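Subject: Model handover and its salt bridges

Hi,

Here is the structure I promised to send over. Have a look, and my notes follow below.

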Amino acid sequence: MSAELLAQVATPVVGHGFAPHWGWYIVLYFFFGGLCAGSYFVATLLLLLGDPRDRDTIRLGYLISFPLLILCAILLILDLGVPSRFWHMVFQSKNVPELMFKPWSPISLGTWILSAFGLFSFVAFLGALVDSGRLRWAPVLRLADRVRGLPRQAVVAWNVLGSFFGFGLAGYTGVLVTATTIPVWQNARLLGGLFLTSAASASYALLVLLLLRRGRAHSDPSVAKLARADRFTVVLELLLIVVLVLTLGQASRPITTGGFGVLFWLGAVGLGVVAPLLLHRTALGGWDAHRREVIAAVCVLVGGLILRFVVVMSPQYPMVPLWAL
Amino acid sequence: MAKGFYTDTTICIGCKACQTACHQWNELPAVNDGQVELTGNSYDNTGRLSALDWRHVRFIEQFPEDRSQDGFLHGSRWLMMSDVCKHCVKAGCLEVCPTGAIIRTEFDSVFIQQDVCNGCRACIAACPFGVVDVGQDGKAHKCTLCYDRLQHGMEPACAQACPTDSIRFGEVSELMVLADQRVADLRAEGVPAYVYGKEEIVGGLNCFFLLVDKPEVYGMPADPRLPSDNVPEGLGLSALTAAVVAAGSVVAFRKERMDGMGGEPPPDTGPDTVPHTGPGGGSPGGGGPPPGVDLVAFMSAVHGANETARGRRAEPKAEGGCGGACGCHA
Ligand code: SF4
């Protein structure tokens, strides 16, 4: 064939996997899953390193984590094509009660991480309920008494182990989308780390927000501590976003250009990362420090949600207008 | 004994007998009740493989855009290819399926068990060839290699219907010998033929093709990747980031102390700066004592450990397990 003729031949699109149609349920699952894992991690870290002033925060972190985990499970079930078969992820449906465990399948791995973390999250939730006096059921109180008798190292190890599973939950969602043949996703190997960092920053922001709402001052040592950690994770998030976009190069276009691009740069980067950092540095709009802290926390949370929305939706629906999603 | 298809695209005439036979045997209804809009792409009216089209004949017209006959007999040509699930030796769909719905059969084909699939849709994104699709019933569907026919010693409906034997069914190793021979013959005539689906393509395709142009021209990836290829690196980078997040958080939490600003912990404010709303939770917003249970044991235990480690757990054990360090007895 002549070169001229070859040049005129229309090249069909290279085959690749179809979009799995993961939509809002998955976006919300990624977001709340991150918060669920992150709040547990923050509470555990405070448990290990905090001081008496952090007690409310610890309790809050554990109280938030488990209900969010339940919400995540509901979102995942609703997303299934056949929701009544959700248990097929856990048991071999033709060989009950044999377990269904395929660690090389990110969804199977995620199912087990979620289940295992659920145990840690539930125990911590019960503990926080007992601590706050909201749960006074005798068997649980007896259990709490028993736990009290355990060696400290065992208790520390338990909480740290729970945090490992929490990290797994926050990070595997990013790895899950890379285990596909969808352009953008399959090359974005930093996504697990990015989602994990974003989960931590959103969790710090959520706890700051809740403490401020409960009447704590922005200068309160607990709040200040969380805000400081939040700033660190937000800076790390910015760094990871930059590296991700640079390493993806042209492949990042569905995320960084068009309608999704506007949302990504303004929402995920501008609102979720740059604005909170600026708010800590400058007295914008004459707002006092307390108000700036509140707004920064809200920005981090909204930015975290937008990040997941763009990452999940843009490679699947590059040509679909945002309002149609 | 792996069974599969050898599709020789050079003798495909685009009659779509395979598509029709597949629909008939597998009782696949027409898409959108037969109300199909024209794709505008040659004679293609189904567009792609889908939950209802398990065979898809591609039409590739290699002509100048003005449709002039300049190139006629000088390279202008039709390429036709009947696409199908490749029943990969290393199948991405099977790899990621979290329910075990996708299995490898005794014929080495890749089969989706409809009574197990729960519609998580992981397989859709994992197939490098865009084969699997989700149906109206919420479950994943694709070619079964006519598993029911194979069990009765019959060949798949498409292969049986193909009038030119462009689609041949049989033992993969035997089919590959045929394909290699055909490639040699075509090359001897100056046609740049080759087999797409040898080992370098995700471990080999049980349903492979003889092509005469680049794979991309037929809508197939030149270098397909398995989804699992990305997982170890992704997990490793996540673990590394987790370590950085944890280390950074530790530094942020300790900074106050490092700066010497924090000094000794302030007087314990106790737990009840936060309103308790639950039973026995004390008065809202008040400073009432906590309920009968002291701080959850593990909290107090760890707190105690921390304070001891820092050498300033001044108070001996008070009334509860936390030694008062948490303020739960304030
Ligand atoms: S072509 Fe796609 S659907 Fe068919 S076996 Fe390979 S990965 Fe699975």
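Which residue forms a salt bridge with B:K3? The partner is B:E171, with 3.7 Å between the closest N and O atoms. (A salt bridge here is a side-chain nitrogen of Lys or Arg within 4 Å of a carboxyl oxygen of Asp or Glu.) B:K3 sits in strand 1 (residues 3-8) of chain B and B:E171 in strand 8 (residues 167-171) of chain B, so the pair ties together parts 168 residues apart in sequence. B:E171 is buried at 13% relative accessible area, while B:K3 is partly exposed at 22%. (Buried is under 20% relative accessible area, exposed over 50%, partly exposed in between, with a 1.4 Å probe and protein chains only; helices are DSSP runs of H or I with at least four residues, strands are E runs of at least two, both numbered from the N terminus.)

Before you dig in: this is a predicted model, where local features need pLDDT of at least 70, side-chain atom pairs count only at pLDDT 80 or more, and totals for chains, interfaces and linings use all residues. Residues are numbered from 1 along each chain as its sequence is written, chains are lettered from A and ligands numbered from 1 in the order written, and side-chain values use heavy atoms, leaving out hydrogens and water.

There are 18 salt bridges over all chains. One of them pairs A:R59 with A:D131 at 2.9 Å, N to O, and both residues are buried. Another has B:R121 and A:D79 with their closest N and O atoms 2.8 Å apart. A:D51, A:R53, A:D54 and A:K225 are linked in a salt-bridge network.

Cheers
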